[in-house]
Amino acid sequence: MLDEVVISLDAMGGDFGPRVTVTAAMGALKRHANLHVILVGNQPLIEAELTTCQDEERSRITIRHTSEVVGMDEPPAQALRFKKDSSMRVAIDLVKAGDAKACVSAGNTGALMSTARYVLKTLPGIDRPAICTAVPAITGHTHMLDLGANIDCSAEHLFQFAVMGSVLVSAVDGIESPRVGLLNIGQEDIKGNDRVKEAGRILSTSGINYIGNVEGDEIYSGNVDVVVCDGFVGNVSLKTSEGLARMITHFLQVEFKRSLRNKLIGLLAMPIIKAFKERIDPGKYNGASLLGLQGIVIKSHGSANIAEYVHAIDVAVLEVEKDVPNNIDSHLERHLVEGKAS
């Protein structure tokens, strides 16, 4: 029998709250026979969304009532200090207490990161947590970090991100020695600012499979498993990519509607268009890991629909089953020692 995986969901987080989170929880329970979900938030609102839940799934749902919600635009410090009974805070507290193995939230990113860091603390040897997610590539996918948690990073921080990303990919994708690249404006070692150059020097003499600098177009090539950068560059790169994907899809739709001939061609090409949209759809990769914490916290897009939120829950289940924090912790000291010794 599979070990039970208990996950706490911030049911009130995101743009749609329980309408998406609760329905997604029911969907995830159908996908994972060993999953138990703690729905954290306003109990009456949660129960209203559970009216269609089947008995088998309902038996694996617990509701934890809370009286507060963190707003999507609320300052992180305010949420951390004054909203200790928020759905976000209590969902993370459940991980800290050991009542849940992971937390999933579509709420305010800054508040989630600051609260998770305060409650769970970072792993020994890690200065700052980083946001990491998978993005589509020509072959498979690429994990990228940091995606917005840390705007200003030192070379040591970038090295720590590389360690965490490498261990994550090794654990969840089964790649023994993931290829790690440092995002830069050129492949040559002389390119980039001083922090990136120093990070490259540390990585080149560490035990990580560092393949050198990679440019932006290499993120999607399939030739690298982990791309490392600071949160400013990472967030801009990710949002730009998502916008480009939407623009390409929009232009295809416009062209196929331009004339009767194009409409007929569009009908014939519909299966190809659908497959193309699915391959580049950012929602297919929804669920970013807050790496470096002494616990598993997964951030969903605030605007995620039900299917996309289910994927974020899938990511949480996988990281629990692969015991990602302990995997990072067990590999961390060796890699950090190797890097610092260089």
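For the residue classes used in this briefing, Ala, Val, Leu, Ile, Met, Phe, Trp, Tyr, Cys and Pro count as nonpolar, Asp, Glu, Lys and Arg as charged, and the others, Gly among them, as polar. By that scheme, the lining of the second largest cavity has five nonpolar, six polar and one charged residues. The structure is a predicted model.

**Cavities**

- Two cavities of 30 Å³ or more are found in the structure.
- The largest cavity holds about 60 Å³ of space.
- Its lining comprises 14 residues, and Leu290, Leu291, Gly295, Glu319 and Pro325 lie nearest the centre.
- Strand S10 (288-291), strand S11 (296-299) and helix H12 each contribute at least two residues to the lining of the largest cavity.
- By class, the lining of the largest cavity has ten nonpolar, three polar and one charged residues.
- The second largest cavity has a volume of about 40 Å³.
- Among the residues that line the second largest cavity are Gly13, Gly14, Asp15, Phe16 and Gly17, together with His301, Gly302 and Tyr309.

**Packing of helices H5 and H6**

- The axes of helix H5 (residues 87-97) and helix H6 come within 10 Å and cross at roughly 30 degrees.
- The crossing of H5 and H6 is right-handed.
- On the H5 side, the contact is made by Met88, Arg89, Ile92, Asp93, Val95 and Lys96, while H6 contributes residues including Ala111, Leu112, Tyr118 and Leu120.
- Nine nonpolar, one polar and three charged residues make up the contact of H5 with H6.

**Backbone features**

- Most residues other than glycine have a negative phi, and most peptide bonds are trans.
- Lysine 121, however, has a positive phi near 70 degrees.
- Lysine 121 is placed in the loop between helix H6 (109-120) and strand S5 (130-136), and it is partly exposed, with a relative accessible area of 40%.
- Aspartate 323 likewise has a positive phi, of about 50 degrees, although it is not a glycine.
- The loop between H11 and helix H12 (324-341) holds aspartate 323, which counts as partly exposed at 36% relative accessibility.
- The peptide bond from leucine 145 to aspartate 146 is cis, with omega near 0 degrees.
- Aspartate 146 is located in the loop between strand S6 (141-145) and helix H7 (155-173).

**Aspartate 314**

- Helix H11 (residues 306-321) contains aspartate 314.
- Aspartate 314 counts as buried because its relative accessible area is 12%, below the cut-off of 20%.
- Apart from neighbours within four places in sequence, aspartate 314 is in contact with Arg31 and His32.

Note on methods: Residues numbered from 1 in each chain as written. Predicted model: local features only at pLDDT ≥ 70, side-chain atom pairs only at ≥ 80, totals over all residues. Heavy atoms only, no water. Helix = DSSP H or I, 4+ residues; strand = E, 2+ residues; numbered from the N terminus. Buried < 20%, exposed > 50% of the residue type's maximum accessible area, 1.4 Å probe, protein only. Contact = heavy atoms within 4.5 Å. Axes fitted to C-alpha atoms, helices over the stretch in contact; angles between N-to-C directions. Left-handed = near helix turned anticlockwise from the far one by under 90°. 1 Å grid on protein atoms, 1.4 Å probe; cavity = no way out; pocket = protein on both sides within 12 Å on 5 of 7 lines; lining within 4 Å. Points joined across faces, edges and corners; volume = space filled by probe spheres on them.
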